[in-house]
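This report goes through one protein model part by part.

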Amino acid sequence: MPSKPARPAYFPTLAAERPDIAMCRASGYLARAADAHAARHGLGVGQHLVLKMLDAVGPCSQQVLSEELRIDRSVMVNVCDDLEQSGFVRRERNPDDRRSYAVTITDEGHERLAGAESTVSSYLEETFAPLTTSERTQLTALVSKLMQL
């Protein structure tokens, strides 16, 4: 009995017609890759990003972290709780606004961040291997434009 001819893949057609769906699927793939990378360093993606921002800009409120990192406020509370319990951040009264807390990275947080950051370059190379350097630059510009950064 002759075998059935291979059915053409449908997703490339769908992606061409619906870039929103393609971006959703790409986002899911990238989220799983980022989760796996952060987990290798004992962090979640949100935790890694919070440590990275605190290292770059210094102490700030959970609200600022939430807004800048595009992490829902209710999720940010849990991220900061977990980081504080692990000893990677501390929360102190914000001297500029006593109603809020300033989140500060600790020495342990700096150490954990350094370990996670040490492998980001290789992680990005592996994750974006199908794209040339020029395509990666273009992708970053296009996504930034969509996000209106």
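## Basis of the model

Helices (H or I, at least four residues) and strands (E, at least two) are DSSP runs, numbered from the N terminus. This is a predicted model, in which local features need pLDDT of at least 70, side-chain atom pairs count only at pLDDT 80 or more, and totals for chains, interfaces and linings use all residues. Residues are numbered from 1 along each chain as its sequence is written, and side-chain values use heavy atoms, with hydrogens and water left out.

## A loop residue

Arg70 sits in the loop between H4 and helix H5 (73-85). Its phi is near 55 degrees, which is a positive value in a residue other than glycine. Most residues other than glycine have a negative phi.

## The annotated span

An unreviewed UniProt entry places the feature "domain: HTH marR-type" at residues 16-148; such annotations may be inferred rather than shown by experiment. The span 16-148 is 68% helix and 13% strand, and its end C-alpha atoms lie 23 Å apart.

## The sheet

An open sheet is formed by 3 strands in the order S1-S3-S2, with antiparallel pairing (two strands pair if DSSP finds at least two bridges between them). Strand S1 (60-61) and strand S2 (89-94) each have a single partner strand and stand at the edges, so one side of each has no neighbour in the sheet.

S2 pairs with strand S3 (residues 97-105) over 6 bridges, and a hairpin joins the two through 2 residues. In this pairing, Asn94 has Asp97 as its bridge partner in S3, and Arg93 has Tyr101. S1 and S3 pair over 2 bridges; here Ser61 is partnered by Ala102 of S3.

## The largest pocket

On a 1 Å grid over the protein atoms alone, a pocket is an open set of points where a 1.4 Å probe fits, with protein on both sides within 12 Å along at least five of seven lines; lining residues have an atom within 4 Å of a point. The largest pocket has a volume of about 1400 Å³, where volume is the space filled by probe spheres set on the points, and points are joined across faces, edges and corners. Of its 33 lining residues, Leu30, Ala34, Leu49, Phe128 and Val143 are the closest to the centre.

Which helix gives the largest share of the lining? H2 does, with 12 residues. By class, the lining has 22 nonpolar, 5 polar and 6 charged residues (Ala, Val, Leu, Ile, Met, Phe, Trp, Tyr, Cys and Pro count as nonpolar, Asp, Glu, Lys and Arg as charged, and the others, Gly among them, as polar).
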